[in-house]
Amino acid sequence: MNREDYRAHFETLELTSEATPAEINKAYLLLKDIYSTDSLAITAMAEEISAEQTADILERIEDSYRALTEMFSAERHAVTELADRLAADIDEFNGAVLKKIRQRLKVSLDDMALETRVRREHLVNIEADNFAELPVAVYTRGFLLNYAKFLSLDAEKVVESYMANFRLYCQDGAR
Amino acid sequence: MESDREHSGRILAVGGGKGGVGKSFIISSLGMSLARKGRVVMIDGDLGGANLHNFLGVSPPKTALADFFERKTPLAELIVASGIENLGLIGGMIGTTGAENIKHAQKKKLFNHILRLEADYILIDLGAGAHFNTIDTVLLADDKIIVVTPEINSIENMYNFLRNLFFRRLGGALGVHGYRELAISVWKERQELGIRNFKQLIDHLKDISPELHRLIDRELAGFKINLVLNQAKGHRDIMIGNSVKSVCRKFFGIDTLYSGYVEYDESVSHSINRGVPYMNTFAASRCARCIEKLADNLMAGRQVRIS
């Protein structure tokens, strides 16, 4: 998809190009609703809007949604493949390893915090193996799960490996 | 118009076709909210029907815009205390001169004085209707706030206001480049040309020449309006703001931000009638919180988040 098309699709869905897949879904459903029902906003200028025009707009909304969804799934696919390769030979998922994978996947902590709703400082502590500052196991486990899923890693494997270290630390009597 | 000036205050103007949609309530409440952040000067630009003082709970100012036009009093000297800290008021004109009677030179002078006012926020309340003096004042503002209610008449009037607003701006730009007559003739022949709406007219003009295309694109790019939906009685009403925004973007091609909605509250009219400022008396109400949110959204260029 070239840049112009890309921009146009986002514009059709009335989004900026920073929009996330979740926002795209939401915008699509909203717009579809507006242009397929008798919205007051359209009735108020019914004289100027023909049925064909509304149909045309609906079609453009569908097209843009499809194009963007396909693009995101292709992108997602590429990320998953790379993540698989990066994680292939790793037995121990400690903080440093996770950080390296995240950086190779070009994911920022800020983006991750925003999307996973895990506070940035927890993510930093995970990557630093800073067990003392992480919350109790049940929460840390949850954060890790989100972390791993966000990077398209095998979440179960990551959690199991990381939590083994975390438990060892706790058993040492620090907690 | 707003790009070639230097002033420190941010100008917010509220217009919108229909009377009684809550323009004065919204702008006065925004003023009270912004007065906690900086110095606010509020101008009652509803010439002929000035009553912004009622919303602030003060009596009509003894000096007003009439003095600016008739006695040549500098605008800054017309600011009176509003009873609210950090908020000064410039009264309008009651029953004397309507917006239509302001001469071009007077208007230019007024705008120059507005731009030179020392304030962080300059808020201008405007009367109903789409007279070109009202339109020009909205065009002067950094934030062009348009208020609608969830009613078909209000939305219709708002579209009309928007058409006038953009044409006035475009007309100015086209006039400078000698395209004004062309635009008018296209509009006159719209039926034959199969032009049904604003967007189609714009597209038609753009196709005429590359220069015109660039010119229109430039005007459209710098043009943004802020939509506010007032008197919302629930989720359905709030969503109407979203559809109006979408129509403005798709059929007018105008960058429209849905900056906020304000929930209906019958205490609003009670407050106005009793002469008490709503924002102070009902600071914790849902409606007051909507105003606060609206003020934040406007300042940050954010929109209503639909959940």
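This is a predicted model: local features need pLDDT of at least 70, side-chain atom pairs count only at pLDDT 80 or more; totals for chains, interfaces and linings use all residues.

Colleague: Why is the pair B:K107 and B:D136 called a salt bridge?

Modeller: The N to O distance is 2.7 Å. The cut-off is 4 Å between a Lys or Arg nitrogen and an Asp or Glu carboxyl oxygen. So the pair B:K107 and B:D136 qualifies.

Colleague: What makes this a link between distant parts of the chain?

Modeller: B:K107 sits in helix α4 of chain B and B:D136 in helix α5 of chain B, 29 residues apart. B:R168 joins B:K107 and B:D136 in a network of salt bridges.

Colleague: How do you know whether B:K107 is buried or exposed?

Modeller: Its relative accessibility is 6%. Buried means under 20%. So B:K107 is buried. B:D136 also has a relative accessible area of 6%, and is therefore buried.

Colleague: What are B:R71 and B:D67 called, buried or exposed?

Modeller: B:R71 has a relative accessible area of 58%. Exposed means over 50%, so B:R71 is exposed. B:D67 has 10%, under the 20% limit, so B:D67 is buried. The two form a salt bridge, with the closest N and O atoms 2.3 Å apart.

Colleague: Why does the pair B:K199 and B:D203 count as a salt bridge?

Modeller: The closest N and O atoms are 3.6 Å apart. The limit is 4 Å, so the pair B:K199 and B:D203 counts. Both residues lie in helix α9 of chain B, four residues apart, about one turn of the helix. B:K199 has a relative accessible area of 29% and is partly exposed. B:D203, at 30%, is partly exposed too.

Colleague: What makes B:K250 and A:E14 a salt bridge?

Modeller: Their side chains come to 3.1 Å, N to O. That is within 4 Å, so the label holds. The count between chain B and chain A is three salt bridges. Helix α11(B) gives the most to the side of chain B that touches chain A, with 11 residues.

Colleague: How much area is buried between chain B and chain A?

Modeller: About 2,000 Å², of which carbon and sulfur atoms give 60%. B:R196, B:K250 and B:F251 supply 32% of the area that chain B buries against chain A.

Colleague: Which residues have the most contacts inside the largest nonpolar core?

Modeller: They are B:L65, B:I114, B:M158, B:Y159 and B:L165, in a core of 88 residues. The largest share of this core, nine residues, comes from α6(B). Among the residues that B:I114 touches are B:I11, B:I43 and B:L75.

Terms used
Residues are numbered from 1 along each chain as its sequence is written. Chains are lettered from A and ligands numbered from 1 in the order in which they are written. Side-chain values use heavy atoms; hydrogens and water are left out. Buried area is the accessible area (1.4 Å probe) that two parts lose on being put together, summed over both. Helices (H or I, at least four residues) and strands (E, at least two) are DSSP runs, numbered from the N terminus. A nonpolar core is a set of buried Ala, Val, Leu, Ile, Met, Phe, Trp, Tyr and Cys residues joined through side-chain atoms within 4.5 Å. Buried means under 20% relative accessible area, exposed over 50%, partly exposed in between (1.4 Å probe, protein chains only). Contact means heavy atoms within 4.5 Å. Lists of a residue's contacts leave out its neighbours within four places in sequence.
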